[in-house]
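Here are my notes on the side-chain contacts, jotted down while going through the model. Have a look and tell me what you think.

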Amino acid sequence: MMKNLLCLVALFIISYTQAQNILIVDNDPVIDTSPAHMFNNITDAIAAANNGDIIYVQPSLISYGAVTINKEITLFGSGYAPELNDGRRTELSSVRIDADNIKISGFYISTYITYNSSTSTSDNIIIEDNFVNQTIFVGSTNAGHTTTNNNWIIRGNIINYGITLHADPTKCINTVITNNHITLLNGNATASYALRYFNDTTIFNNNVVRINHTWGNTNIFPNMTGDVTAFNNIFISNGINTLFTPTTGRTLTLNNSISYMSTGGTLSLAMPGTGNFDNQNPFFTSVASSAFDMAPEDDFTLSPSSVGLNAGSDGNDIGIFNGDYDFDMRGYPTELPYLTSFTISNNLIEAGENINVNVKANANKSN
């Protein structure tokens, strides 16, 4: 019964979306996957898709595994922490981007998202509203890899290790990283637990960066391949000190940003830039953990006592809710409506009778 209702949810979502073709993936063994648009795994759905198609991946109690996306398509999940669906989410173990013009949104990814192979480009990529439990690799750390990874947009995600760009800045142009909650876990400056190989075309604005290293000083922007100017970010250290020393002879400028040591100490190095608030509590509205990790019930908007209110470079708030951007704490894809209520008024019926269902949803957030 529950899976039949989830199929109704899928049809409800499809009615709000236009595309060349709509394909649906559901790995529940009781689902009928005989229709041409239905699949029980993502690999087969991608193989059947044409460029421009959309694939909806249904929530499940088990992971859909590793995915290689080698066509120009969009993949939508149901969110990484949806309120409904009886605890189900759409989970992948890893994602490899192996074509241009790809969008992936609404997934829990238990390891990483990585760039194309050495034989194909991966330009014009959108990674939005996902929970990525390890690093996003936009490009190779080997400058000898000659394929490009240009025009990536990474926004609205929770990312648990860091973001690594291409070691050759000419192969990784116009990377836009905005409105993400990023945790840098314990590691060193040459590991993938940082913001690596940023160049002078990299935009890094309106993020919350949580540095969760527990030993030694560290640089969170190692291996810079160009001068970087970033705006409206919040940097929270959970116990280390030096964070903002430029590396590789490049210039790092942080403007209209907040730094804070959550353990009660003081960061000895000021942020290099203007309009900053060094060693200031950002005073989020409601965050349960003193480590500032993120749960769906948290509220990372700024409270009335925050120095970051209307203090951004554009006159809006510093942080992930800057301007009109609607960061979603549950990872609902921006373009889709999402259910807020699903009520059955007659759950016990005779064969052939109709089930009365009342569905309520919020409109998609892109309109």
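**Salt bridges and rings**

1. Arginine 155 makes a salt bridge with glutamate 128, with the closest N and O atoms 2.4 Å apart (a side-chain nitrogen of Lys or Arg within 4 Å of a carboxyl oxygen of Asp or Glu). Arginine 155 is in strand 14 (residues 152-155) and glutamate 128 in strand 11, so the pair ties together parts 27 residues apart in sequence. Strands here are DSSP runs of E, at least two residues, numbered from the N terminus.

2. A word on the basis: this is a predicted model, where local features need pLDDT of at least 70, side-chain atom pairs count only at pLDDT 80 or more, and totals for chains, interfaces and linings use all residues. Residues are numbered from 1 along each chain as its sequence is written, and side-chain values use heavy atoms, leaving out hydrogens and water.

3. Glutamate 128 also meets lysine 103 in a salt bridge (3.1 Å, N to O). That pair links strand 11 (residues 125-128) with strand 8 (residues 102-105), 25 residues apart. Glutamate 128 is buried at 2% relative accessible area, while arginine 155 is partly exposed at 25% (buried is under 20%, exposed over 50%, partly exposed in between; 1.4 Å probe, protein chains only). Shared partners join Lys103, Glu128 and Arg155 into one network.

4. On to the rings: phenylalanine 235 and phenylalanine 244 pair edge-to-face, 5.4 Å centre to centre with 75° between planes (centres within 6.5 Å; planes under 30 degrees apart are stacked, over 60 edge-to-face, the rest tilted). Both phenylalanine 235 and phenylalanine 244 are buried.

Note on methods: Rings of Phe, Tyr and Trp (its six-membered ring) pair if their centres lie within 6.5 Å; planes under 30 degrees apart count as stacked, over 60 as edge-to-face and the rest as tilted. Helices (H or I, at least four residues) and strands (E, at least two) are DSSP runs, numbered from the N terminus.
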